[in-house]
Amino acid sequence: MTEHYFRTPEGEEHRRTIHARLWDHQVELQTANGVFSGTRLDPATAVLLREVPPPDRTVRRVADVGCGYGPIALGLALACPWLQVDAVDTNERALALTRDNAAALGVADRVRALSPDEVDPTATYDEIWSNPPIRIGKDALHELLLGWLARLAPQGRAVMVVGKNLGADSLQRWLGEQGWPTDRLASAKGFRVLETRPPAAV
């Protein structure tokens, strides 16, 4: 399995600064080796942020599942000053980077970087955003997604970006078969942006 999926990446940390556009905000972010897409804004994340507008004011609490060093979570917090964002990852280095990036961007009071076992088991979310960890394997991915989808508020939604060549279309069908209606919001540069809603919302 790729190193960035481990709780504690091997080797000494070497940080770098990248520039990224998160909706209308051009920002500097700290990244490092041993985290997902540590040298640039991941192309799938860039597609997600370009193709889907940020939440409206009816959305108050959001989770970014598989946050990495935080671009989606930080983009949500910057674009929507009313949002509370839980940025969730198994990688301790990624969580530390997310905390530091949130502090540097002035949104540390609204972005909480958490490991999965630190998340309140009773927490529910108006929206879940994710560039999910496809390469953890199909069974593990399915378990992860169903666990998080169960946390959606009745009228909530999940927005995910998945590579077409990594099974986006089959994942869309599978989610529907599990009772989670899923539509394609956009398709760009080899990626699908999917929207999943709870069965009761349809």
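For what follows, Ala, Val, Leu, Ile, Met, Phe, Trp, Tyr, Cys and Pro count as nonpolar, Asp, Glu, Lys and Arg as charged, and the others, Gly among them, as polar. Before we use that, a word on what you're looking at: this is a predicted model, where local features need pLDDT of at least 70 and side-chain atom pairs count only at pLDDT 80 or more, while totals for chains, interfaces and linings use all residues. Residues are numbered from 1 along each chain as its sequence is written, and side-chain values use heavy atoms, with hydrogens and water left out.

Let's start with the annotation. UniProt, in an unreviewed entry, puts the feature "domain: Methyltransferase small" at residues 27–194; its positions are given in the numbering used here, feature names are shortened, and annotations may be inferred rather than shown by experiment. That span is 32% helix and 29% strand, and its end C-alpha atoms sit 26 Å apart. Helices (H or I, at least four residues) and strands (E, at least two) are DSSP runs, numbered from the N terminus.

Now look inside. A nonpolar core here is a set of buried Ala, Val, Leu, Ile, Met, Phe, Trp, Tyr and Cys residues joined through side-chain atoms within 4.5 Å, and buried means under 20% relative accessible area, exposed over 50%, partly exposed in between (1.4 Å probe, protein chains only). The largest nonpolar core has 43 residues, and L48, L76, L83, V111, W129 and V193 touch the most other members. Helix α2 (residues 71–79) brings the largest share of this core, six residues. Apart from that core lies another, of 22 residues, including I134, A168, L171 and L175.

Helix α2 itself is mostly covered, with eight of its nine residues buried. P71, I72, A73, L74, G75, L76, A77 and L78 are the buried ones.

Not counting residues up to four places away in sequence, V193 touches V47, L48, E51, V52, V159, M160, V161, D183, R184, L185 and A186, where contact means heavy atoms within 4.5 Å. A188 counts as buried because its relative accessible area is 14%.

On a 1 Å grid over the protein atoms alone, a cavity is a set of points where a 1.4 Å probe fits but cannot get out, and lining residues have an atom within 4 Å of a point. V65, I128, S130, L145, W148, L149, A158 and M160 line the largest cavity: seven nonpolar, one polar and no charged. Helix α4 (138–149), β6 (125–130) and β7 (152–163) each supply at least two lining residues, and α4 gives the most, with three.

Most residues other than glycine have a negative phi. S37 has a positive phi of about 50°, and K189 has one near 55°. S37 lies in the loop between β2 (25–32) and α1 (43–51), K189 in the loop between β8 and β9 (191–196). S37 is buried, at 17% relative accessible area, whereas K189 is exposed, at 70%.

Note on methods:
1 Å grid on protein atoms, 1.4 Å probe; cavity = no way out; pocket = protein on both sides within 12 Å on 5 of 7 lines; lining within 4 Å.
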